Amino acid sequence: NLNISSDLTMTLILPFIDGVSSVAQIAQLADTDLGLTRKAIAHLLYYRCVLLLDIFQFSAIYAPTAEIGAFVEDEEAQEEAVRYISIGHYRPYADFELDSSGKEQWPTWKPGQESSLLDKATLVQLYTSLRQGLSLKNWCLEHNARLKGVDVRRFITFGIIRGFLYRVHKYVIADGASSAGEQEQGRYHEDVGHADPESRRPSRATSDMGKETLPLAKFLDGMHCFDEICTELQLSEKKVLDKIRNAYANVTIIHR
């Protein structure tokens with residue numbers, strides 16, 4: 001029964017929805033069917049029980065949206081951001097988190113350390129310094145001194161959820177990829193048709209060519225982001241780039 005399977009899948013995946021694992025990883029951790037897992041998460045999305053975000057990567061690029069202006073003027077949102085992204089004893093406490101006798105704003109801090117806390121002005125400067133063309137890894141290196149006690153994943157996630165940050169996706173266009181894919185597709189089917197009648201299988205060389213060339217060419221038209229390519233091919237971004245550059249002479253990478 002599909003409904004029973006869906007309900008069971010929902011029960012199994014809930015403990016693994018942690019804001020870090022991808023949908024495929026959740027299915028793997030919960031030992032559930034990927035298709036049913038996607039349907040269960042789509043159900044949660046429909047009822048606004050969860051949010052679906054891009055996979056967090058330090059190689060990714062993030063930039064402010066037009067909503068950054070509203071965040072700059074909203075001190076309450078800035079205070080919430082500081083509490084959300086700060087970790088360990090760098091994290092300030094909200095009023096409702098302190099008991100009636102607590103008067104210190106930073107109860108886990110030793111006297112004299114308050115100057116090292118992330119202030120709202122620095123927070124705004126950090127968010128507005130994100131830009132197109134700058135990977136998160138390089139951004140962290142540029143601002144390393146000001147990121148003490150900051151969870152970078154939470155820093156980015158907060159901005160995405162609030163709508164004042166967006167992920168700049170990477171796309172690839174390779175000259176001749178479309179025609180090469182069509183030619184290899186035709187050649188692959190031709191080889192399969194002329195395979196040994198006893199085995200009805202293509203040669204190993206042909207099979208390897210099919211696995212390596214066919215999945216790659218169809219993604220190189222500038223319409224498929226790297227997240228999609230890496231997920232479909234089950235390869236890292238570096239390995240995908242290496243394969244593309246080894247196969248095609250003229251490769252253009254677009255960020256948008």
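**The sheet and its neighbours**

A: Happy to! S3 and S4 run antiparallel and are joined by 2 bridges. Strands here are DSSP E runs of at least two residues, helices are H or I runs of at least four, and both are numbered from the N terminus. Two strands count as paired if DSSP finds at least two bridges between them.

Q: What should I know about the model itself before we go on?

A: It is a predicted model, where local features need pLDDT of at least 70, side-chain atom pairs count only at pLDDT 80 or more, and totals for chains, interfaces and linings use all residues. Residues are numbered from 1 along each chain as its sequence is written, and side-chain values use heavy atoms, with hydrogens and water left out.

Q: Thanks. Which residue in S4 is the bridge partner of Ile-173?

A: That is Asp-221.

Q: And how many bridges join S3 to S5?

A: There are 5, and these two strands also run antiparallel. Lys-170 has His-255 as its bridge partner in S5, while Ala-174 stands opposite Val-251.

Q: What's the strand order in the sheet?

A: S4-S3-S5, an open sheet of 3 strands with antiparallel pairing. S4 (221–225) and S5 (251–255) are the edge strands, each pairing on one side only. From one strand to the next, the twist averages 30°.

Q: Which helix packs on the sheet?

A: Helix H11 (residues 226–233), which touches S3 and S4; its direction makes about 70° with that of S4. Touching means a contact, with heavy atoms within 4.5 Å. Directions run N-to-C, angles go from 0 to 180 degrees, and axes are lines fitted to C-alpha atoms, for helices over the stretch in contact.

Q: Is S3 mostly covered or mostly open?

A: Mostly covered, as 4 of its 5 residues are buried. Buried is under 20% relative accessible area, exposed is over 50%, and partly exposed is in between, with a 1.4 Å probe and protein chains only.

Q: Switching topic: which residues of H8 are buried?

A: In H8 (residues 152–162), they are Val-152, Phe-155, Ile-156, Thr-157, Phe-158 and Gly-159. Those residues pack against several elements, including strand S1 (61–64), helix H5 (75–85), helix H6 (120–129) and strand S2 (165–168).

Q: What sits at the ends of H8?

A: Asp-151 caps the N-terminal end, with a side-chain oxygen 3.0 Å from the backbone nitrogen of Arg-153. After the helix comes Gly-163, whose phi is positive, near 90°.

Q: How do H6 and H8 pack?

A: Their axes are 12 Å apart, at an angle of about 75°. That angle is why H6 and H8 count as roughly perpendicular to each other; the range for that is 65 to 115 degrees, with under 35 roughly parallel, over 145 roughly antiparallel and the rest oblique. Leu-123, Leu-126 and Tyr-127 in H6 meet Phe-155, Phe-158 and Gly-159 in H8.

Q: What about Gln-78, buried or exposed?

A: Gln-78, found in helix H5, counts as buried because its relative accessibility is 5%. Leaving out residues up to four places away in sequence, Gln-78 touches Phe-71, Val-72, Glu-73, Lys-120, Leu-123 and Val-124.

Q: Nice. What are the totals for the chain?

A: The chain has 12 helices and 5 strands, and 34% of its 256 residues count as buried. Among contacts between residues at least 6 apart in sequence, 66% join residues at least 24 apart.

Terms used: Polar contact = N/O pair within 3.5 Å; in protein donor to acceptor, adjacent residues only side chain to side chain.
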